[in-house]
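Please look over the model shown here, with an eye to the surroundings of its ligand and to the pairing of its strands.

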Amino acid sequence: MKLTTEKNVLIVGGGLGGLSAAIHLRLAGFAVSVYEANARVGGRANLIERDGFRFDTGPSLLNYPWVFEQLFAAAGRNLHDYVKLLPVEPSVSFQWEDGTRFTLSSDLRKFLEECERLEPGSRPAVLAFMRDAEAKYRIAFEKMVSRNVDNPVRWLGALGASELRRTSIWRSLDGQLRRYFKSRHLREALGSYAMYLGGSPYTLPGMFTILSYGEMAYGLWLPEGGIYGLVRGITKLAVELGIEIHTNRPVRQIVTEAGRVTGLELHDGTFHASSLVVSNVDVPTTDTSLVNADARVSASLRRKAERTRMTPGVVTFYWGVRGEVGNLGHHTIFLPDDYRAAFDDLMKGGRIPRGLPFYVSVPSATDRALAPAGDTAVFVLVPVPVLSELPGTDWDAAVTDVRARVLATLARHDIELTAERIRFEEVYTPVEWRRRFGLYDGSAFGAAHNLLQLGPLRSKNFSKEIAGLYYAGASTTPGTGMPMVVLGGRQVAERIVSHAR
Ligand SMILES: Cc1cc2nc3c(=O)[nH]c(=O)nc-3n(C[C@H](O)[C@H](O)[C@H](O)COP(=O)(O)OP(=O)(O)OC[C@H]3O[C@@H](n4cnc5c(N)ncnc54)[C@H](O)[C@@H]3O)c2cc1C
């Protein structure tokens, strides 16, 4: 997809989707400049460095490494010359209030043993589940999420009848898991991924068994230096290709005239002209806070933003802990007794769940350099509803309450992590996530992935209202998560090239 003349494209935001779009556009022959509001690119995948500890602010589970390999291969490079990936094995452990534990592994034999322990005799069902999820994964990546398709009929029409049945998009994720597993613990563990997609296993499509499958089939990884090591590698590639990256340069508005983009106005008052702009800022934030358009278009963009269903927010804790923390692996998900009620609280009830599900990561368990010798870097992620569902929340009080509940749960699981051992703490509430990165309504993962926000029904990567305005990132196609936004970066570049022809 190479152009013959050099046109310039301006990119608002240097998150992973923006960087991927920049690389693919540069490879297609565009001159590309990225304007990033913060001191560092990476967006949600950012970095906190303090007292010899290094924390990734957002993503901590890296899967589908092939997506990143493809990004570098597109530029004739090898990912592994830029980023060293360390395997995380076993991958994720789940712990319930009743003391049950379950650990995922990319070693099928160990996975079968774990399932057998929770559900004796489950081996044939587990193998059938894996075969089914593998087929779903292949269909999803070969036919559903890897290209721009705007028409739902063409999208599903690309699948044969048996492939369409195989997607299980009409069945819930929980319904799909019930076909294979009797153990509630197995179903809850494999269904818990729904939280990050903005739904519950009872509402999101059965297709999403591909998440747990993908993690097992392709493994979980930690780049050396943490997830930010990956951001650094991608940034290095972008700079080598001649992409201009300007940090500490917040964009005030995307300027339009007569329904067309004309350029960017920065907070420092400078204007940068271009007829092509890619916004990597959350789509609804872009449409409601950055696009400067006439009253009719602005009203239409606002209505579209208000209709968008978002994934939950998160409260994230970054703890520099004195000494080692026993009994806690790299990735652990703690699930409450009343799992369904937690989803209801989050998605429908507008309250911080009474039984708190949460995730704890100890990246220094895999890369010792992320904490001072003998100490431990601990990251805790607690999902909470989006800000509009929690009006008037006193976040200081909420953080105090959530911290106490997390520590109490850890203590019940014999994990010796008391408040006294925390040398320092940083906390991001959804308000902070919104302020730092422009996350709409404080939603952590962008637009939700319910049936009406999938594929061609999801907010598209180009604006129908404003010519020359494009989107990259978690709230547009194909969706959220590091691999997805990197795939999306290629797709928006392909879109721009096809429009330019
Ligand atoms: C807490 C948390 C945990 C997560 N865990 C995982 C995980 O384990 N695995 C996984 O794969 N994914 C995870 N995700 C999701 C993943 O981080 C995101 O899907 C992905 O990083 C989003 O990338 P993006 O391209 O949408 O850009 P963003 O990260 O949203 O970046 C947008 C950029 O735009 C910049 N910006 C905003 N406003 C302006 C402006 N006015 N001018 C200039 N720049 C601006 C921001 O500063 C930011 O750098 C997690 C997300 C969060 C928040």
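Is α18 mostly covered or mostly uncovered? Of its 19 residues, 14 are buried, and α18 is thus described as mostly covered, a residue being buried if 20 or more other C-beta atoms, placed from the backbone, lie within 10 Å of its own. This is a predicted model, in which local features need pLDDT of at least 70 and side-chain atom pairs count only at pLDDT 80 or more, while totals for chains, interfaces and linings use all residues. Residues are numbered from 1 along each chain as its sequence is written.

**Around the ligand**
- The ligand is surrounded by 37 residues, the closest being G13, G15, G17, G43 and G473, where a residue is near if its C-beta atom, placed from the backbone, lies within 6 Å.
- Two or more residues of this shell come from each of α1 (16-27), β15 (313-321) and α18 (482-500), and α1 gives the most, with three residues; helices (H or I, at least four residues) and strands (E, at least two) are DSSP runs, numbered from the N terminus.
- At least three shell residues come from each of domain 1 (1-87 + 223-309 + 445-501) and domain 3 (312-440), with bounds from an automatic or database domain assignment.

**Helix α18**
- From its first C-alpha to its last, α18 reaches 27 Å, close to the 27 Å expected at 1.5 Å a residue, that is, 1.5 Å times one less than its number of residues.

**Strand pairing**
- β1 (residues 8-12) and β2 (residues 31-35) pair in the parallel sense over five bridges, pairing requiring at least two DSSP bridges, and N8 stands opposite A31 in β2.
- β2 also runs parallel to β9 (residues 244-246), joined by three bridges, with E244 in β9 as the bridge partner of S33.

Definitions and conventions: A residue is buried if 20 or more other C-beta atoms lie within 10 Å of its own, exposed if 12 or fewer, and partly exposed in between; C-beta atoms are placed from the backbone.
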